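Please find below a colleague's note on the model shown here.

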Amino acid sequence: MIPPPDSLLRYSPPVLVSRRAERRSPGAPPLKGTPLPAAPPRPVPPPPRPAAAAAAKEPQELLNAILPPREWVEENRLWVQEVSSAPSTRLDVVHLQEQLDLRLQQRQARETGICPVRRELYAQCFDELIRETTINCAERGLLLLRVRDELQMTIAAYQTLYESSVAFGVRKALQAEQGKADMEKRIAELEEEKQELERQVSEEKAKCKAIEKREDEKRQIEEKKHTEEVQHLKQMNQQLKAQLESIVAPNK
């Protein structure tokens, strides 16, 4: 496993916890809690008093509860690195700000919008501020931890809402695409039906014109025939009238 990357959160030197692949004899001393090779020997301070040791241990336990140690395996060796319990000065805070700006620039974090890199770096910076505050005032550090957890829950809720809205939008887009294809198919069918109906209408109009023309010709023929019959009957009527008058006139 690759060792964890460097973080803005200050850690103590890593400690070797166990060697997994090494066989030890029953009488060998335990390997747990083996620190890294130390610097050149320095004068050993006198052992702390029990009260001072307990007071120094309590902040470290609180920091481990707030900011859990990170672990990794390297060459079959388990390493553990706890958060540093050393207090920070004003210069450390200024250096933290400079490191934050530098890493934002090095990792090319976006200044606006959603950016996982920017979020990760600001989370590390916030954890470092919680560490520094907890060392000076445990209650203030716990309150900042509560604020951090609330912000993370809020961000997680917004992320879930965003993902669900994206999924809903994609689903609606797919439905719209499918509905669009069905609608285009329906439009094509209606266009074909319209063309067929227009063809039928044209045929019916042609039939109507032919019938009207035929009936008009027939009517004209009938009118001409009727006119001829009327003229013939009038002529016959005139002839009969003339004959009747010629017959009746001499008798007078």
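1. In which segment is Pro 13 found? Pro 13 belongs to the segment before strand 1 (15-19). Pro 13 is exposed, with a relative accessible area of 61%; here exposed means over 50% relative accessible area, buried under 20%, and partly exposed in between (1.4 Å probe, protein chains only). The C-alpha atoms of Pro 13 and Glu 82 are separated by 7.8 Å, although these residues are 69 residues apart along the chain.

2. Basis of the note. The model is predicted: local features need pLDDT of at least 70, side-chain atom pairs count only at pLDDT 80 or more, and totals for chains, interfaces and linings use all residues. Residues are numbered from 1 along each chain as its sequence is written, and side-chain values use heavy atoms, with hydrogens and water left out.

3. Overall organisation. The protein chain contains 4 helices and 4 strands, arranged along the sequence as β-β-α-β-β-α-α-α. Helices (H or I, at least four residues) and strands (E, at least two) are DSSP runs, numbered from the N terminus. Of its 252 residues, 16% count as buried. Among contacts (heavy atoms within 4.5 Å) with a separation of 6 or more, 62% join residues 24 or more positions apart.

4. The largest nonpolar core. Its 8 residues are Leu 8, Leu 96, Leu 100, Leu 104, Ala 109, Cys 115, Leu 121 and Cys 125. Such a core is a set of buried Ala, Val, Leu, Ile, Met, Phe, Trp, Tyr and Cys residues joined through side-chain atoms within 4.5 Å. Helix 2 (90-106) and helix 3 (116-136) are the elements that give two or more residues to this core, and helix 2 gives the most, with 3 residues. Apart from this core lies another, of 7 residues, including Ile 66, Leu 67, Ile 130 and Leu 145. In soluble globular proteins, nonpolar side chains tend to be buried together.

5. Helix 2. This helix has 17 residues and reaches 24 Å from its first C-alpha to its last, close to the 24 Å expected at 1.5 Å a residue; the expected span is 1.5 Å times one less than the number of residues. Leu 96, Leu 100, Arg 103 and Leu 104 are buried in helix 2. Seen down the axis, the buried residues of helix 2 fall within an arc of 100 degrees, so they line one face of the helix; the arc is that of the directions from the helix axis to the C-beta atoms. The face turned away from the buried side carries the exposed residues Arg 90, Leu 91, Gln 105 and Gln 106. After helix 2 comes Gln 108, with a positive phi near 55 degrees.

6. Packing of helices 2 and 3. The buried residues of helix 2 pack against helix 3. Leaving aside neighbours within four places in sequence, Leu 104 is in contact with Ala 109, Arg 118, Leu 121 and Tyr 122. Helix 3 has 21 residues and reaches 31 Å from its first C-alpha to its last, close to the 30 Å expected at 1.5 Å a residue. The buried residues of helix 3 include Leu 121, Cys 125, Asp 127, Glu 128 and Arg 131.
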